[in-house]
Amino acid sequence: MSGYLPEGDKNTTSASVLSLPASEVSVDEKAALLYTREEEKLARDVYNSLFVTWNNNLFQNIAGSEQKHMDEIALMLTRYNLSDPAQAPGIFTEVKLQDLHDRLVAQGKLTIGDALKVRGAIEEIDILDLQTHLAQTDNADIQLVYKNLMSGSYKHLRSFTSTLTSKTGET
């Protein structure tokens with residue numbers, strides 16, 4: 001993913017984003033930022049829940065990365081004076097994300113293989129949504145954040161796929 005900033009390099013990303021001019025944001029861009037904030041929170045919350053269930057550091061490590069993704073979107077919310085929809089762990093403003101969270105946590109508690117598949121599904125969903133949001137904005141700062149998040153999701157997906165194969169033999 002050439003052109004993307006290294007995932008996890010929050011200071012570089014924040015500085016790069018803040019060096020770009022802020023532009024007017026459309027209603028759709030605002031909605032996408034708010035949704036993405038909760039979607040990154042969903043990933044963090046599910047991974048934290050699965051860490052408690054399976055005591056596997058892979059879940060905890062990725063939850064930390066998802067928190068960094070949340071922080072990047074929070075920077076955009078602040079920049080564009082949007083109210084943060086993030087609530088307590090496991091609680092979502094967006095009904096669709098609440099339902100998805102509850103289903104993924106339940107599925108991930110069945111077996112470690114199911115938990116790993118949940119991780120992969122979350123990253124695939126994130127990538128698809130980020131691709132859609134990226135195509136719907138021409139604001140360079142928002143594009144940079146979405147590209148960084150997408151790079152991180154691709155990295156997480158590769159890690160999960162490798163772990164699933166090594167733990168279960170599945171691909």
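Okay, a quick definition to start: helices here are DSSP runs of H or I with at least four residues, strands are runs of E with at least two, and both are numbered from the N terminus. By that rule, V17 is found in helix α1, residues 10–19.

Before I go on, some housekeeping. This is a predicted model, where local features need pLDDT of at least 70 and side-chain atom pairs count only at pLDDT 80 or more, while totals for chains, interfaces and linings use all residues. Residues are numbered from 1 along each chain as its sequence is written, and side-chain values use heavy atoms, with hydrogens and water left out.

So, the overall picture. The protein chain has six helices and zero strands. Of its 171 residues, 49% count as buried, and buried means under 20% relative accessible area, with a 1.4 Å probe and protein chains only. Contact, for us, is heavy atoms within 4.5 Å. Take the contacts with a separation of 6 or more: 80% of them join residues 24 or more positions apart.

Back to V17. Is V17 buried or exposed? Buried, with a relative accessible area of 0%. Skipping residues up to four places away in sequence, V17 touches L75, M76, R79, D141, L144 and V145. V17 and E72 are 55 residues apart in sequence, yet 9.2 Å apart in space, C-alpha to C-alpha.

Now the inside. A nonpolar core is a set of buried Ala, Val, Leu, Ile, Met, Phe, Trp, Tyr and Cys residues joined through side-chain atoms within 4.5 Å. The largest one has 21 residues, and L42, V46, Y47, F59, L104 and I122 have the most contacts inside it. Which helix gives the largest share of this core? That's α2, with seven residues.

α2 and α3 pack at an angle of about 160°, with their axes 8 Å apart; the axes are lines fitted to C-alpha atoms over the stretch in contact, and angles run from 0 to 180 degrees between N-to-C directions. Angles over 145 degrees count as roughly antiparallel, so α2 and α3 are roughly antiparallel to each other.

Terms used: Buried means under 20% relative accessible area, exposed over 50%, partly exposed in between (1.4 Å probe, protein chains only). Angles under 35 degrees count as roughly parallel, over 145 as roughly antiparallel, 65 to 115 as roughly perpendicular and the rest as oblique.
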